[in-house]
Amino acid sequence: MIQHYILLCVLTSLQSYAVTIGPVADLVIANAQISPDGFIKSAVLAGGTLPGPIITGQKGDTFKINVTNHLNDETMLTSTSIHWHGLFQRHSNQMDGAAFVTQCPISPGHSFLYEFNAGEQVGTYWYHSHYGVQYCDGLRGALIIYDPQDPYRFLYDIDDESTVITLMDWYHVPSPQVQRQVVPDSVLINGVGSYPGVQDTPYAIINVQPYKRYRFRLLNMACKPNYVFSIDDHKLIIIEADGQYVEPLIVDSIQIYAAQRYSFILETNRPVDNYWVHAVPNLGISSMAILRYAGSPDADPEIRLTPKPVALQETDLHPLYLPLPMLLQEDGATIKLNIVLAQNETNFNFLVNGVQYTSPTIPVLLQLLNGDVSTSEMAPNGSIYFLPRNRVIEISWIPDLAPARPHPFHLHGHKFAVIRSAGSSRYNYINPVLRDTVNTGFIGDYVTIRFITDNPGPWLLHCHIDWHLYSGMALVFAEASQDVAASQPLSDSSKQLCPIYYSLPQQNFSLPPSN
C-alpha cells in the first residue's frame, strides 16, 4: 500500500510540473513501474514520465533528439522507434520513425539521433513509438512548435507547458496481451486517471488565473478511443486543427479522434471556483479533471450543465490560409483512389482494398534506394502504391465492411484537405479544413481528402487505432520514388539500424489476439 501511494504521488507531482526539453535533447526510453490510475504496472516511458516530456521548439528550428533505448522488460517490445506525428520530414524521410517503412527499430542498448528541420510548420504535434503497438504501453508525448508570428497571439495571454492537455487510454496488461476488442481500463488526463474499485485516486488539476486568456493545446494520444472533451461553464474557441490554423470557431465540446489535436482559447471569466473537465470516450468509462481558478478551495467542483451545448462539427472548420488552388479545383484530381476497408473472415485481421498490410523485412525506404529492386518485387506486395510527383491525389474511404468503426486515418508526410467529412454528403471545394488525421466515419460515409505529392519518399497511410494498424489496416505511398535518393542521402546511422536489429537473438513481438 505504501509503494502504491508513493508511485501515485510521484506521478501526480510529475504531471503538475510538466517537463520540457528540446529542440536539442537526449531522450531515454526505459521501463518503469508506474501507477497512473491506482494500478501498478510496468510501462515503456520516454524520459521517465507518462506522458513523456514535452518537446518544444520555435518555427524554423532544427530538432536533434538523441533516442537511447534502455528497454529490458520482455513482456513488451524491447526495440523501439519514434514517429514525429504530423511533421512532414521534407528531405528527411529516414527520420519519420515508422518501423519497417523508413527504418528498422532501435535495438536495446543502442541510440539513434533523429535530426530534422520542421521548416515552416508550427502548432501542436506529438511523438510516439511506431513499432508494433508499443505506444500503448506508454511511449507518447507532446511536441509543440511555437510561432513568433502567430496570427492569433493577440487573443491569448498564456501558452506554455501548463496549457497542454493530453488524453490517452490505459491498459493493465502489456500491449502484446491486449485483445483488440478490449475496453480500456481507464482514461488518463495529463497522465492521471482512475478505474472502478480504487478509492482516492487524485484528479489531474489544471490551474488558471482569473480573467486571463489561455491557449490550450488538446491532444488525443489514445491507441483506440475518441473522446468528447468539454469544460463546464466555459466556451472553447478553436484556432488550430492538427498543426493548421483555422478560423476561430466557438463550441462547447470537441470530439477528438485518436492522433488528432486542437488548440482552443479559453477565457477564465467565470466566478472563481473549481470546474469539471470531461473526457467522455466512445467506449469505456469517462474521466474527469479539475479546472481550478486561483483562490478557489481544494475541493471537487459541482456539476454544471450547459443548456443546448454546441458540439464541434468538422464541416464548420475552415482554414485561416487556403491551400494551393490546384488542390481545390472540383475536377482537378489527377489520381482518385477508393480505399475499401474490410475484415478477413478467417483470421479477423483487417484488409485495405483486399490486402492485409504486413511489415516487410527490409524497410520500404531501403528497398526504394536499392536500384536492383523492381516495383513488382517491392514488399509488402499489394500494399505499396506508387504515386507520381506534383499531382493532386484524391482518396475516398468506404468503411462499410470493416467493424470497429469509426477509423481515424493518418497520412505521414503531408497535410490534406478534407473535401467531404464523416456525417456529411456535401463536398467543399472552397475552404475545407486542412489536417493530417481524419475520422472516416460509419456505414454510408464516403470521407474524401486531397493532397499534393510534393514530398518524395515512402509514406504510411493507416488507421490510428493502433491495434487496427498492426492487424493490417494500412498501406504505403511510394511518392516520386525516382527522386528519393536525390532528396535525402541515407545517413550512416540509418544504415546501421537494420544489421544491429537483425543480430538480436529474437524479436519478442506477436500479434494481439484476434478475438
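Leaving aside neighbours within four places in sequence, which residues is serine 42 in contact with? The legends below work towards that view, using a predicted model.

**View 1. The whole protein chain.** Five helices and 31 strands make up the secondary structure listed for the protein chain. Its radius of gyration is 22 Å, close to the 24 Å that the globule rule gives for 515 residues, so the chain is as compact as a globular protein of that length. Along the principal axes, the C-alpha atoms fill a box of roughly 70 × 55 × 45 Å.

**View 2. Inside and surface of the chain.** Of the 515 residues, 58% count as buried. Among contacts with a separation of 6 or more, 76% join residues 24 or more positions apart. The chain exposes about 19600 Å², and carbon and sulfur atoms supply 53% of that area. As for charge, there are 28 positive and 45 negative charges, and their mean positions are 5 Å apart.

**View 3. Serine 42 in its strand.** Here we zoom in on strand β3, which covers residues 41–46 and includes serine 42. The relative accessibility of serine 42 is 15%, and because buried means under 20%, serine 42 counts as buried.

**View 4. The surroundings of serine 42.** Here is the reply to the opening question: with neighbours within four places in sequence left aside, serine 42 is in contact with Asn31, Ala32, Gln33, Asp73 and Met76.

Notes: Residues are numbered from 1 along each chain as its sequence is written. This is a predicted model: local features need pLDDT of at least 70, side-chain atom pairs count only at pLDDT 80 or more; totals for chains, interfaces and linings use all residues. Side-chain values use heavy atoms; hydrogens and water are left out. Helices (H or I, at least four residues) and strands (E, at least two) are DSSP runs, numbered from the N terminus. The radius of gyration is taken over C-alpha atoms; the globule rule is 2.2 Å times the number of residues to the power 0.38. Buried means under 20% relative accessible area, exposed over 50%, partly exposed in between (1.4 Å probe, protein chains only). Contact means heavy atoms within 4.5 Å. Accessible areas come from the Shrake-Rupley method with a 1.4 Å probe; for residues, only the protein chains shown count as cover. Lys and Arg count as positive and Asp and Glu as negative; His and the chain ends are not counted. The place of a charge is taken as NZ of Lys, CZ of Arg, CG of Asp or CD of Glu.
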